[in-house]
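Here's a quick walk through a few spots worth a look in this protein. Keep the viewer open as you read.

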Amino acid sequence: MNTSELRVQGVPVSRIAEQFGTPLFVYDAEVLRTVYQSLREGLHPAVDVFLSLKANPNVAVCGYLGSLGAGAEISSLVELMTVQRAGIAPENVIFLGPGKTRAELEACVAANLHAIVCESLDELRLLEEIAEQAGRAEVPVLLRVNPDFHTKGSGLAMSGKPRQFGIDAELLRRSRPVIDALRRVRVRGFHAYMGTRFLNADDLVHNTRQILATAEELSQTLGIPLETVDFGGGFGVAYFDNEKDLDLGAVLAGINEVVEPFVRTHPGCRLINELGRYLTAHAGTYVVRALYVKESLGERFVVADGGTNHHMAAVGVGSFVKRNFPIRSLTRYRDEPSDTYTVTGPLCTPNDVIGKKVALPPVEAGDLLGVERSGAYGPTASPGLFLSHGFPAEVLVHNGAAHLVRERDRHEEILAKQHLVDFD
């Protein structure tokens, strides 16, 4: 028995890999629970925690967080089907996105969601038409606003420049005639999202304060009662060597301090904090098997059976500088690093590098390596069909047992959707 290898809730990672094959994503339900409960117990009770499915739309991950009390923020018809299958009540679901189709809006109306987040005045008009055709007396809506204030500290800022998302605050201030003309669409409040990967508590508190102030100001200007305000999320996860984990205690204390007077002024208002990366990233590990260990011009390489086709985020997408996610030997998890290796995948491109000069214990062919903090933006943000490898299996470890929660793409299934033309 290898006493050095990683165990997930007591289950050896080698057993999981043998049972389900590699590459695969392994999610630890205990970590999901711990992260969610730390948020739920620390946040003001008026603030609801919603999972943003774009970070990890696996139905089992969604269902487990839903069973703990999380709501859901979705952006597609399949994500709507996912939350329905996962058992999350429609009153705890919001649908957003800048390019909703008519079919998506019709499905949202039929599903009786808590709110549809409208991102343009034309979308409001279309939704009014759909509501009338469906015979709905009232369709609840939030307006996604691009606030006037600026923020800092985000890995991907959503303010301060032209965006396809939302409605500029200045335009909204002039839009009361459009809103007053609505007969079946009821605007219940506002949504704002300032960016992602904030690692400084002060930035998140600043955003919350300014969003709530903007919502109050717009509600008065437009005559809209504040029944719901979604003040975004963006809690960051530290991946790289020069980053520090978010001080969650400082974040929650600061947000609560801002929320408390707002709740006293608006006691019936539902507040939503939508989190994707922060809820799921820590729980996931991308597990690959070393196929070959080789050397080129003095640099050691590990060529693994999975790479950026399954975990494009590990390439550093959106960053000008390639930096490594935390990568560990899972076979020698407790051993000290003794050398450096560049870890690559099986793709025919020099860009298929998931870790450059990673400090690891000795690596041999057959060893298991893991990209940690990979529970967010793994398969959902990766080109899984590159070289037709397909998407990997996903496994959730719950109560000490490993459960297959997404089957690996089969070769026949990948080809089944393609059709050969008769060229005779």
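Predicted model: local features only at pLDDT ≥ 70, side-chain atom pairs only at ≥ 80, totals over all residues.

## How H3 meets H4

Let's start with two helices, H3 (residues 59–68) and H4 (residues 77–86). They pack at an angle of about 50°, and their axes sit 9 Å apart. That makes H3 oblique to H4, and H3 passes H4 in a right-handed crossing.

Which residues do the touching? From H3 come Val59, Cys62 and Gly63, which meet Thr82, Val83, Arg85 and Ala86 of H4. Sorted by type, the residues of this contact come out as 4 nonpolar, 2 polar and 1 charged.

## The buried side of H5

Next up is H5, which spans residues 102–111. Buried here are Glu104, Leu105, Cys108, Val109 and Ala111. They lie on the same side of H5, because they cover an arc of only 165° around the axis.

And what do the buried residues of H5 pack against? Their partners are H4, strand E6 (93–95), strand E7 (115–118), helix H6 (121–134) and strand E8 (139–146). Just after H5, look for Asn112, which takes a positive phi of about 55°.

Leu24 lies in strand E3, residues 24–28. Is Leu24 buried or exposed? Its relative accessibility is 0%, so Leu24 counts as buried.

Leu24 and Phe391 are 367 residues apart in sequence, yet their C-alpha atoms are 8.8 Å apart in space. Leaving aside residues up to four places away in sequence, Leu24 touches Ile16, Thr285, Tyr286, Val287, Pro392, Ala393, Val395 and Arg408.

Definitions and conventions: Residues numbered from 1 in each chain as written. Heavy atoms only, no water. Axes fitted to C-alpha atoms, helices over the stretch in contact; angles between N-to-C directions. Helix = DSSP H or I, 4+ residues; strand = E, 2+ residues; numbered from the N terminus. Parallel < 35°, antiparallel > 145°, perpendicular 65-115°, else oblique. Left-handed = near helix turned anticlockwise from the far one by under 90°. Contact = heavy atoms within 4.5 Å. Nonpolar A, V, L, I, M, F, W, Y, C, P; charged D, E, K, R; others polar. Buried < 20%, exposed > 50% of the residue type's maximum accessible area, 1.4 Å probe, protein only. Arc of directions from axis to C-beta.
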